[in-house]
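Here's a quick briefing for anyone meeting this structure for the first time. Have a look at the chain below, then read on for a tour by topic.

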Amino acid sequence: MKRLFPLFFLIAFPAVYATAQQIAVVNGAGSTSVYYTLDEAISGADAGSTVYIPGGGFKISDGTKINKKLTLIGIGHKPNTDNADGNTTISGNVNFTAGSDGSAIMGVYMPNDINIAQDGKVKNILVRYCNANSIQVKNDSCTGIFVNQNYLRSSSSFGGSNATVTNNIMHSISNLTGGVVNNNIMNDLSYQGYHVYEKYSINSVKNSTVKDNVCRYGSRDCSGTFFENNQEGDLKSFFVAANGVTPDSDFHFSDTFEGNTDCGVYAGTGFSDDCLPPLPRIVSKSIAEQTDAQGKLKVQVTVKTR
């Protein structure tokens with residue numbers, strides 16, 4: 001159920017703080033700390049904390065590694081959201097390293113990659129409702145990697161791990177062992193053979209389940225894998241508007257499509273077109289241009305929850 005909560009309050013701080021984009025970190029005990037950079041928020045957060053990233057652009061440095069359990073939640077990645085603060089963008093690679101077991105990232109746009117386990121075993125990582133360049137798992141010792149309802153614009157590789165990859169709109173996939181690849185749409189190739197006509201969307205996915213996907217190209221080097229109800233072909237002839245791995249596409253099957261429609265991202269557990277993480281969103285806000293005679297700034301905010 002969606003609810004609207006009008007919030008009316010006076011802030012007795014200088015006006016400069018009203019428009020600053022603050023990152024709130026809530027620890028397991030419910031205590032909140034505020035930071036102005038993502039690097040500082042990740043460094044200062046206790047293990048088990050949730051990092052709430054508002055709308056706007058935030059940079060993560062190459063030297064910043066997530067080496068403890070953290071949940072990163074943005075307000076969403078789509079430009080047409082009804083959130084008054086737009087979307088959340090993180091520039092730079094997000095790196096989950098040893099010690100980050102149980103972490104998650106949701107609701108962000110990333111020009112770069114999500115890297116998992118560059119320096120050792122990492123388990124139980126959730127990536128959901130994101131738009132990222134790709135996901136790169138760096139070794140086969142990782143377990144419990146769950147990737148669901150994302151846009152992944154370049155080929156994602158899972159390092160031989162047993163990841164579960166479901167209901168994503170993605171470029172292509174490779175290097176999975178003992179995993180699950182269900183209800184995805186793959187728009188491009190992960191491997192091209194010596195001959196130009198040898199193109200594959202699924203490469204080196206072994207001893208896994210690959211079911212109910214729609215792929216532009218086929219598969220190779222997939223020994224021991226169970227395939228069921230996957231479709232291959234020209235995506236533009238399948239869907240309403242297959243314009244690539246972008247929210248501008250519409251991956252509902254077209255009225256003229258005559259194939260099996262019990263596959264794709266809307267089948268199985270389904271796909272949320274909003275791609276909104278589970279948190280309240282600001283749908284309108286009004287901030288006075290100046291403080292009153294008492295030095296207070298009037299702010300009116302309306303928040304909607306899912």
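## The chain at a glance

Of the contacts in the chain with a separation of 6 or more, 40% are between residues 24 or more positions apart. Keep in mind that this is a predicted model. The chain has two helices and 32 strands, and buried residues make up 47% of its 306 residues. Its accessible surface comes to about 13,900 Å², and 47% of that belongs to carbon and sulfur atoms.

**The eleven-strand sheet**

- Let's start with an open sheet of eleven strands, which has mixed pairing. Read across, the strand order is S3-S2-S4-S6-S9-S11-S14-S17-S20-S24-S27.
- Which strands sit at the edges? They are strand S3 (32-35) and strand S27 (226-228), and each of them pairs on one side only.
- From one strand to the next, the twist averages 10°.
- At the S3 end of that order, S2 and S3 run antiparallel and are joined by four bridges.
- Leu 126 has Phe 146 in S14 as its bridge partner.
- As background, strands of a sheet pair through backbone hydrogen bonds, in either a parallel or an antiparallel way.

**The six-strand sheet**

- There's also an open sheet of six strands, in the order S12-S15-S18-S21-S25-S28, and here the pairing is parallel.
- Strand S12 (131-132) and strand S28 (231-232) stand at its edges with a single partner strand each, so one side of each has no neighbour in the sheet.
- For a pair to look at, take strand S21 (residues 185-186) and strand S25 (residues 214-215), which pair in the parallel sense over two bridges. Here Ile 185 stands opposite Val 214 in S25.

**The nonpolar cores**

- In soluble globular proteins, nonpolar side chains tend to be buried together.
- The largest nonpolar core in this model has 47 residues. Which of them touch the most other members? Leu 38, Ile 105, Ile 114, Ile 116, Ile 135, Phe 158 and Ile 173 do.
- A second, separate core has 17 residues, among them Leu 235, Ala 242, Val 245 and Val 265.
- Leaving aside neighbours within four places in sequence, Ile 135 is in contact with Ile 114, Ile 116, Val 127, Val 147, Leu 152, Ser 156, Ser 157 and Phe 158.

- Is Ser 156 buried or exposed? With 0% relative accessibility, Ser 156 counts as buried.
- Beyond neighbours within four places in sequence, Ser 156 is in contact with Ser 134, Ile 135, Gln 136, Met 170, Ser 172, Ile 173 and Ser 174.
- Now try Asn 175, which is found in strand S19. Asn 175 is partly exposed, because its relative accessible area is 29%, between the 20% and 50% cut-offs.
- With neighbours within four places set aside, the contacts of Asn 175 are Ser 157, Phe 158, Gly 159, Gly 160, Ser 161, Asn 203 and Ser 204.
- Asn 175 and Asp 140 are 35 residues apart in sequence, and their C-alpha atoms are 9.2 Å apart in space.

**The cysteines**

- How many disulfides are there? The count comes to zero.
- Cys 263, for one, is in no disulfide, and the nearest cysteine sulfur, that of Cys 215, is 9.4 Å away.
- Cys 263 counts as buried because its relative accessibility is 2%, under the 20% cut-off.
- Cys 222 counts as buried as well, at 15% relative accessibility.

Terms used:
Residues are numbered from 1 along each chain as its sequence is written. This is a predicted model: local features need pLDDT of at least 70, side-chain atom pairs count only at pLDDT 80 or more; totals for chains, interfaces and linings use all residues. Side-chain values use heavy atoms; hydrogens and water are left out. Two strands pair if DSSP finds at least two bridges between them. Axes are lines fitted to C-alpha atoms, for helices over the stretch in contact, and angles run from 0 to 180 degrees between N-to-C directions. A nonpolar core is a set of buried Ala, Val, Leu, Ile, Met, Phe, Trp, Tyr and Cys residues joined through side-chain atoms within 4.5 Å. Buried means under 20% relative accessible area, exposed over 50%, partly exposed in between (1.4 Å probe, protein chains only). Contact means heavy atoms within 4.5 Å. A disulfide is a pair of cysteine sulfur atoms within 2.5 Å. Accessible areas come from the Shrake-Rupley method with a 1.4 Å probe; for residues, only the protein chains shown count as cover.
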